[in-house]
Amino acid sequence: GHVLSEGVVAGVIGAAVVAFWFLVLDGIRGDALRTPRFLGTAMLGQTDPVGAMLSYTIVHGIVFILFGVAGAFLLSGAEQRPVLLFPFVVLYVAFEFFFFAVALVLARWVLDDLAGWAVVLGNLLAGVAMLAYYFTQHRALTSRVARALAEEG
C-alpha cells in the first residue's frame, strides 16, 4: 500500500510539473491551454477542444502514475537491496530517452508544433521533482548511498 501510494503521489507530482511547465509556456504565447488541447486533438483524435484537453490530461496523468509506481517499487526494493538503485537510474534515463524517441519517430509532427527543448526540459523538470519527492521518502537510503559514495571516493 505504501509503495503504491508513494508511486501515485510521485506520478501526480511529475504530471503536474509538466502540465504547469506547458501552462506557463503556452501562457507566454497567449493561449494557456494550447498544448493539452493540441495533444489531445492530434494524438487522441478528439475533436472537441475541452474533451481533447481532458482526455489528454487523463492519459498523461496515468502514464506518469504508472512510471511513479515503477520508481517507488524499485526504491522500496533498494531499501533492502541497494543494487536495485541501478535499475531505478536506468528506468529514469530510459523514460527520458523513450519519451523523446517516441516523439521523434512516431509523432515527429508533434515536434513541428512543440519545441523539442521544451518537451525535454519539461520531462527533466518532472523527473527532478519526482526524485526530490522519492528521496524525502527514503532518507535512510539516501544517506546510505551518500556514505557508500564517500567511501569509494
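Buried means under 20% relative accessible area, exposed means over 50%, and partly exposed lies in between (1.4 Å probe, protein chains only). By that cut-off Asp26 is buried, with a relative accessible area of 2%.

This is a predicted model: local features need pLDDT of at least 70, side-chain atom pairs count only at pLDDT 80 or more, and totals for chains, interfaces and linings use all residues. Residues are numbered from 1 along each chain as its sequence is written, and side-chain values use heavy atoms, with hydrogens and water left out.

**Confidence.** pLDDT is the predictor's confidence in each residue, from 0 to 100. The protein has a mean pLDDT of 85, and 90% of its residues reach 70 or more. Among the elements, helix H1 has the highest mean pLDDT and helix H5 the lowest. Where pLDDT is low, the predicted coordinates should not be read in detail.

| Element | Mean pLDDT |
|---|---|
| helix H1 | 95 |
| helix H5 (residues 108–113) | 59 |

**Overall fold.** Helices (H or I, at least four residues) and strands (E, at least two) are DSSP runs, numbered from the N terminus. The protein has 7 helices and 0 strands. Of its 153 residues, 33% count as buried.

**Contacts.** Contact means heavy atoms within 4.5 Å. Of the contacts with a separation of 6 or more, 68% join residues 24 or more positions apart.

**Core.** A nonpolar core is a set of buried Ala, Val, Leu, Ile, Met, Phe, Trp, Tyr and Cys residues joined through side-chain atoms within 4.5 Å. The largest one holds 23 residues; Phe22, Phe64, Leu75, Phe88, Tyr92, Met130 and Tyr134 touch the most other members. H1, helix H3 (49–80), helix H4 (85–105) and helix H6 (116–137) each supply at least two residues of this core. Beyond its neighbours within four places in sequence, Tyr92 contacts Phe67, Gly127, Met130, Leu131 and Tyr134.

Asp26 sits in helix H1 (residues 2–29). Outside four places in sequence, Asp26 contacts Asp31, Ala32, Leu33, Arg34, Thr35 and Pro36. Ala78 belongs to helix H3. Ala78 is buried, with a relative accessible area of 0%. With neighbours within four places set aside, Ala78 contacts Leu84, Leu85 and Leu141. The C-alpha atoms of Ala78 and His138 are separated by 9.6 Å, at 60 residues apart along the chain.
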